[in-house]
Every structure is written in C-alpha cells, then in structure tokens.
Amino acid sequence: MIIISVFSLSLNAEEMGDPKRGKTMTATCAACHGTNGVSSNSEWPNLKGQQITYMVNQLKAFKSGERKNVLMNGVLDDLNEKDFLDISTYYNGIQ
Ligand code: HEC
C-alpha cells in the first residue's frame, strides 16, 4: 500500500512539470545540448525525448556530485528540483 502511494505521487510530480517555464531555463544547456536537445557533438548526449524521471534523477546526481562531469557539475548550481522537473518535461516533449 505504501509502495503504491509513493508510485502515484511520483507520477503526479511528472504531470506537474511546466515545459514552458522549463524552456526559459535552457539557454545555457543549448550551448552543449543543442537548441532542440539534439547535440552537435557525440560527447554531449541528446536531451530531446529523454524520459522525465530518468533526466530529473541525472540532474540531481550531477548537482549533488554523485555523478561527476566537469562540464555538467557547474551548470546546475542555481537550479532546484522544480527547475529540473520543468526542464526535463520540456525536453521530453520535444517532437
Ligand atoms: C559545457 C557543456 C554543457 C552544458 C552547458 C550543459 N551540459 Fe549537460 N552534459 C554535458 C556533457 C559533456 C554530458 C555527458 C556527461 C557524462 O558523460 O557523464 C552531459 C550530460 C547531461 C545529462 C545526462 C544525459 C544522460 O543521457 O544521462 C543531462 C540530463 C544534462 N546533461 C542536462 C543538461 C541541462 C538541463 C543543462 C542546462 C541547465 C546542461 N545539461 C548543460 C555538457 C553540458
């Protein structure tokens, strides 16, 4: 029962992501990940269409330093979890 309610909470969190707000925070990201989330360089992963929960978790891991990358670790300092959700919802929705 507890597991079921945690699961539905995370689904609700995904639904609450605001892609328009997310887009406004992606100017920096676009320098490496491309304006539409398609990178020009194979070293930089595409963000277009990424699964929301996966992407939020990667951003949290970069911010905490659990996942290390010199290019990524600095760019998330001013962003919070709501920002990560909105940004991920935006990239997920790019056709
Ligand atoms: C200076 C270049 C650069 C900038 C700016 C940048 N990234 Fe990245 N990003 C990278 C690189 C390089 C990787 C691959 C890291 C690795 O191999 O672990 C990456 C990885 C990621 C990943 C993990 C993708 C995956 O498939 O696991 C996400 C999510 C991500 N970036 C989101 C963002 C967001 C959101 C922004 C803007 C707030 C951003 N990045 C800004 C270079 C950049």
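Which helix supplies the largest share of the shell around the ligand? Select α4 (52-64): five residues of the shell come from this helix (helices are DSSP runs of H or I, at least four residues, numbered from the N terminus). Helices α3 and α5, like α4, each supply at least two residues of the shell.

Before going on, note that this is a predicted model, in which local features need pLDDT of at least 70, side-chain atom pairs count only at pLDDT 80 or more, and totals for chains, interfaces and linings use all residues. Residues are numbered from 1 along each chain as its sequence is written, and side-chain values use heavy atoms, with hydrogens and water left out.

Next, show the 22 residues around the ligand; C29, C32, H33, Y54 and M72 come nearest (a residue counts as near if one of its heavy atoms lies within 4 Å).

Now select Y54, where a side-chain N or O atom is 2.6 Å from an oxygen atom of the ligand. At R67, a polar side-chain atom lies 2.9 Å from a ligand oxygen atom.

Finally, centre on the iron atom of the ligand. Its protein donors are H33 (NE2) and M72 (SD), 1.9 to 2.0 Å away (donors are N, O and S atoms within 2.8 Å of the metal, or 3.2 Å for Na, K and Ca). H33 lies in helix α3 (residues 27-33) and M72 in helix α5 (residues 70-73), so the pair ties together parts 39 residues apart in sequence. Both H33 and M72 are buried (under 20% relative accessible area, with a 1.4 Å probe and protein chains only).

Note on methods
Buried < 20%, exposed > 50% of the residue type's maximum accessible area, 1.4 Å probe, protein only. Polar contact = N/O pair within 3.5 Å; in protein donor to acceptor, adjacent residues only side chain to side chain.
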